[in-house]
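Subject: Structure handover

Hello,

Here is the structure for your files. Please have a look, then read my notes below.

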Amino acid sequence: MEIKIFSGNGFKLSDEQEETMKKLILSGKLPEMCPEAKEMGRAYRMEDALGRYIVFLKNAFPRDLSMEGHEES
């Protein structure tokens with residue numbers, strides 16, 4: 001089974017970090033390691049989420065590459 005896990009900033013974890021996470025997930029011990037809901041952060045709606053995501057994508061795209069000339073699917 002292949003599991004791909006990305007960091008909070010959208011980049012792939014190292015192979016070593018991925019393997020550690022995979023072992024935790026497949027061991028079945030992960031749920032007991034999670035904090036209770038009241039100990040976690042809060043979710044809230046971001047009205048400008050799409051705009052923020054577009055800015056993130058633009059900043060993540062390599063400056064030396066171009067999408068010019070590529071058609072949308």
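First, a definition: the radius of gyration is taken over C-alpha atoms, and the globule rule used for comparison is 2.2 Å times the number of residues to the power 0.38. The protein has a radius of gyration of 18 Å, whereas a compact globule of 73 residues would have one near 11 Å. Its C-alpha trace spans about 50 × 30 × 25 Å along the principal axes.

Two notes on handling. This is a predicted model, where local features need pLDDT of at least 70, side-chain atom pairs count only at pLDDT 80 or more, and totals for chains, interfaces and linings use all residues. Residues are numbered from 1 along each chain as its sequence is written, and side-chain values use heavy atoms, with hydrogens and water left out.

Fold

The protein has three helices and zero strands. Helices (H or I, at least four residues) and strands (E, at least two) are DSSP runs, numbered from the N terminus. Along the sequence the pattern is α-α-α. R45 sits in the loop between helix 2 (30–33) and helix 3 (49–60). From R45 to P31 there are 14 residues in sequence and 26 Å in space, C-alpha to C-alpha.

Surface

Of the 73 residues, 5% are buried. Buried means under 20% relative accessible area, exposed means over 50%, and partly exposed lies in between (1.4 Å probe, protein chains only). R45 is exposed, at 71%. The accessible surface of the protein is about 7,300 Å², and carbon and sulfur atoms hold 55% of it. Areas come from the Shrake-Rupley method with a 1.4 Å probe; for residues, only the protein chains shown count as cover.

F11, Y53, F56 and L57 make a nonpolar surface patch of about 390 Å². Patches take residues with over 30% relative accessible area and no salt bridge; like charges are joined within 9 Å, and nonpolar side chains (Val, Leu, Ile, Met, Phe, Trp, Tyr) within 5 Å. F11 lies in the segment before helix 1 (15–27). F11 counts as partly exposed because its relative accessibility is 47%.

Charges

There are 11 positive and 14 negative side chains, and the centres of the two sets lie 6 Å apart. Lys and Arg count as positive, Asp and Glu as negative; His and the chain ends are not counted. Each charge is placed at NZ of Lys, CZ of Arg, CG of Asp or CD of Glu.

Side chains of opposite charge can pair when their charged atoms come close. How many salt bridges does a search of the whole structure find? The search gives four. A salt bridge is a side-chain nitrogen of Lys or Arg within 4 Å of a carboxyl oxygen of Asp or Glu.

- K12 pairs with E18 at 3.4 Å, N to O. K12 is partly exposed at 38%, whereas E18 is buried at 8%.
- Salt bridges link K12, D15 and E18 in a network.
- E36 pairs with K38, with the closest N and O atoms 3.9 Å apart. E36 is partly exposed at 48%; K38 is exposed at 71%.
- R52 pairs with D48 at 3.1 Å, N to O. D48 is partly exposed, at 40% relative accessibility.

Best wishes
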